[in-house]
Amino acid sequence: MATLKDVAKETGLTVSTVSRVLNNRGYISSNTREKVYDAMKRLNYQPNELACSLSKQTTNTIGVIVPHIDHPYFARLLSSLETAAYQNGYKLLLFNSRERDEKEDEYMEMCKASRVAGIILCSGSVETERFRDLNVPLVTIERFLEYGTSAVECDNRQGGRLAAQHLLECGCTNVIYLSGENAVSMPADDRALGFMELCGQEGLHCLDPGKEIDARLYASLDYHAYIEKILTEFPEIDGIFASSDVIAAQVIQICSKRGIKIPEQIRLVGFDDSSIASLTTPGITTIRQPVREMAEMAVRMLIRAERKEIVPNRTTLPVTLIRRETT
């Protein structure tokens, strides 16, 4: 069975350097890290993670909590988080909350038992008070917590303004914002704020969809009945800003069923630039979140916090408009 010394000999590095790679201590170049990992694969070396965790009090594992692993946005985010974690010598422990509070105790025990280095929280409804006792960094993506270690967000407000400006330039006069979730206050709420803000400044008529959307729609990701209702109540709509590409894709389906042509009769803008945006017919004009950069930032903030370095409380990254066939 291969040992740490064998890995060091194979790479031409010192045992202490190989140990620092395995324990993710100090600065390690990407070239050195890859060299060690390649040697480990060739020698079939398996580090004793229990021993490492006992010496460090934590493992090189990051707990990640998302509300939907089947949502295109979260699927892309998870892929980016896994890549960023791997490049820094960490692994992910995934929790799929599905917006169910009863899973919280299970998450807590698994995080403690796994000695996670920190937690990246992407879910909006998980009760976070219980995470206070973990004594590990808590980094949030698209959710801000006053007592969280660090928050990474996209510029949702600017995204809303970009969507409104684009619909205005496309000649729309009666527009509406379709939300995906209103039950919990989130940074994504600023999409509506920015959208209505610019509509007001430019005199663009923004229709009011009425009461808050049922949170159960977000859980099921099925907005068809909601969209049908909106299009029936507001036949004058000629521009729609959907808070996600998932909603925008369903708008295309409903419009097709009702004989409404996109973009001739209704122009449509989504949000996220998830994979679905380029797979629909027509392709969805959308506001692109810098998902890869947000994931890299979240992992970087968690690692720095674990090393007791000072990290920014809140970081906001810019968004861009990606124009496709729906406008």
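**Aromatic pairs and a helix crossing**

Author: Phe241 and Phe271 are both buried. The model is predicted, so local features need pLDDT of at least 70 and side-chain atom pairs 80 or more, while totals for chains, interfaces and linings use all residues. Residues are numbered from 1 along each chain as its sequence is written, and side-chain values use heavy atoms, without hydrogens and water.

Reader: Why does Tyr177 count as buried?

Author: Buried means under 20% relative accessible area, exposed over 50%, and partly exposed in between (1.4 Å probe, protein chains only). Tyr177 has 11% relative accessibility, so Tyr177 counts as buried. Phe195, at 0%, is buried too.

Reader: What makes the aromatic pair of Phe241 and Phe271 tilted?

Author: Rings of Phe, Tyr and Trp (its six-membered ring) pair if their centres lie within 6.5 Å; planes under 30 degrees apart are stacked, over 60 edge-to-face, and the rest tilted. Phe241 and Phe271 have 6.3 Å centre to centre and 50° between the planes, a tilted pair. Phe241 is in strand S8 and Phe271 in strand S9, so the pair ties together parts 30 residues apart in sequence.

Reader: Why is H1 called oblique to H3?

Author: Helix H1 (residues 4–11) and helix H3 (residues 30–43) pack at about 120°, their axes 9 Å apart. Angles under 35 degrees count as roughly parallel, over 145 as roughly antiparallel, 65 to 115 as roughly perpendicular, and the rest as oblique. The angle of H1 and H3 therefore makes H1 oblique to H3.

Technical notes
Axes are lines fitted to C-alpha atoms, for helices over the stretch in contact, and angles run from 0 to 180 degrees between N-to-C directions. Helices (H or I, at least four residues) and strands (E, at least two) are DSSP runs, numbered from the N terminus.
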